[in-house]
Amino acid sequence: MSAVDVLRPASTVDLTAKGGWRTLKNRIATALLLASFVVVTIPLILVIGTVVIKGMKVMGTSFLTGEIAATEQRAKGGIGPAISGTLVITGFATLLAVPLGLLGAIFLHEYGNNGPLAKAVRFMATVMTGVPSVVMGLFIYVVWTLRFKQAGVGGSLALACLMLPIIIRTTEEMLKLVPRELRDASLALGTSKSRTILTVVLPAALPGIVSGVLLAVARAAGETAPLLFTIGAARKVNWSVFSGANTALPSQIFANANSAFDNAQNRGWGAALTLVAIAFVFTIIARVVSARFSLKR
Amino acid sequence: MALQPLDLRRKARGADSAFKALSVAAGLLVLVILGLIAITMTSKSMPALREMGADFFTSKRWSVPDKVYGAFSFIFGTVMTATIAIVLAIPVAVGIALFTTQIAPAWVRKPMVYTVDLLAVVPSVVFGLWGISFLAPKMVGVYRWIHDTFGGIPLVGRVFGPAASGRNFMTAGIILAIMIVPIVSSLAREVIDTTPPGEREGALALGATRWEMITGAVIPHSKGGIVGAIMLGLGRAMGETIAVTLTIGSSLGVVGANVFASGNSMPAIIASDWGEADSLQKSALILLAVVLFTLTLLVNFAAVAIVSRSTRRSLGAS
């Protein structure tokens, strides 16, 4: 037996060999992981396809501007009041939630840092994003609608409560990306802290914040449950947030989805197409803003 | 005459401290809202709780004419649909997260992520409309075939019972699964991304295949975070209202193993019964909302704690 034979191991692993069960397992796993992506595109295509095909049947200017049909089985009628309702209710909710959300995020990142209060608020804001929208709607019913009449503002309050934690968390993430040096430079010039935040930090983070807000608005515009308890029902356009019952696109879809009449079902699909289009447009604008203008990690 | 030096020690000016106070108040608002939800809703639910007592939680008899409100079947329905949703969503969501972070080439990664995120943009009520008029009628045949094929097997047969219609726990669960996949997969992706490159490359350098690298380095590292992401998805599934209201079938008092039975869930009964409810029934529905709020809060507490602990640990390690 030569010395070379002794040194040679009993069996050698050929690292260049193809095939074998390890490679096969790797292939199978890769295929399954790819399949998981394919599986999720199927409902996406089906949902959007159905909404577009069925929604286009009724789509048109008379549908978009017409009043809500008086009875379900009628052929005509539109969703004009629902579009105006969605605009004013979601718009007012945004007006409430954005300044409060920005201030909350400024507290978390610029003032609170990692103190116990900031930690508690950050934790609870994350938890609050998980509060079901139906609970938020009933909460506003209990504290607001019971005292005042049903009107758009109740829906706005509920939607604002849902948007607030989302805006706080996304804005805080954006503030984190603003370089420390910018703040230091501004403070070193003698600028007060509040002025530094308003004129240096916020503008630097603005594109990211705008993108986060747009995504939150797109989600809020599609919420139905909070509106069930707060805004009542209307068949005519009502541009007032504060007085009179109102309606909204999600409410119209919900009402028509349960109907046995084809005409009502078609109106539901038309409203769904309108709502999905609005949500997609907001999302795309948000993506473009954040891809083009925002600070990169 | 020398210039007067600026006194840097002076206290913050009025506007400055006012701004700070405003921002602290906005932060506190989060705590105030959550506190108010708990207090005001609990007080409004007291009439129903006094009337029903513990029966509210244990009885499944919900009869409006008799003024009897037992919510057990709704609590059961929420657990049932959320469980179906989670079981269906976990493999898909984790699979997508692993594929986009570990396997997909860099240039397809973003388009894939955007595609999955589009699902999160579709409003809940649109999923409901689609579920009630497209999915449910199409799935009845599938449910009946599954019942005919597996219905005879003991135990399994009870789970796959007869399907009276397409609106049932399973359809609601499928819709919920579609809705929570983007949430779970995007959170899981974030956690998986924190795996130190050194550990992944080390595994590959030792001759591991890509799948062995995933099971040996990525999964052990991000297990905790993935569990947290799944729990956040569970919280969403429990609280989802309109899509479930439209697809669950709205049957009262249904408790059983059959996933193809029509039933009801806590958010669904609140949304469907509110319009015609008298004051005691409204109080009972608010009590249900309190139960739902408490359950989702507990699930979210646990999820957020798990996620933050696991990301902190993994960031510390890298």
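Helix axes are lines fitted to C-alpha atoms over the stretch in contact, and angles run from 0 to 180 degrees between N-to-C directions. This is a predicted model: local features need pLDDT of at least 70, side-chain atom pairs count only at pLDDT 80 or more, and totals for chains, interfaces and linings use all residues. Residues are numbered from 1 along each chain as its sequence is written, with chains lettered from A and ligands numbered from 1 in the order in which they are written.

**The interface**
- Chain B puts 71 residues in contact with 70 residues of chain A (contact: C-beta atoms, placed from the backbone, within 7 Å).
- Helix α1 of chain B, residues 14-52, gives the most to chain B's side, with 19 residues (helices are DSSP runs of H or I, at least four residues, numbered from the N terminus).
- Chain B's side holds 50 nonpolar, 15 polar and 6 charged residues (nonpolar: Ala, Val, Leu, Ile, Met, Phe, Trp, Tyr, Cys and Pro; charged: Asp, Glu, Lys and Arg; polar: the others, Gly among them).

**α2(A) against α4(B)**
- Helix α2 of chain A (residues 20-56) packs on helix α4 of chain B (residues 106-121) at about 45°, with axes 10 Å apart.
- That angle makes α2(A) oblique to α4(B) (under 35 degrees is roughly parallel, over 145 roughly antiparallel, 65 to 115 roughly perpendicular, the rest oblique).
- Phe37(A) and Leu44(A) are among the α2(A) residues that meet α4(B), whose residues there include Met112(B) and Leu119(B).

**α2(A) against α3(B)**
- α2(A) and helix α3 of chain B (residues 72-103) pack at about 115°, with axes 8 Å apart.
- The contact includes Leu33(A) and Phe37(A) from α2(A), and Gly95(B) and Phe99(B) from α3(B).
- By class, there are 12 nonpolar, 3 polar and no charged residues.

**A bent helix**
- α5(B) has a kink of about 45°, centred on Gly131(B) (bend: the angle between axes fitted to the seven residues ending there and the seven starting there).

How values were computed. Two residues are in contact if their C-beta atoms, placed from the backbone, lie within 7 Å. Helices (H or I, at least four residues) and strands (E, at least two) are DSSP runs, numbered from the N terminus.
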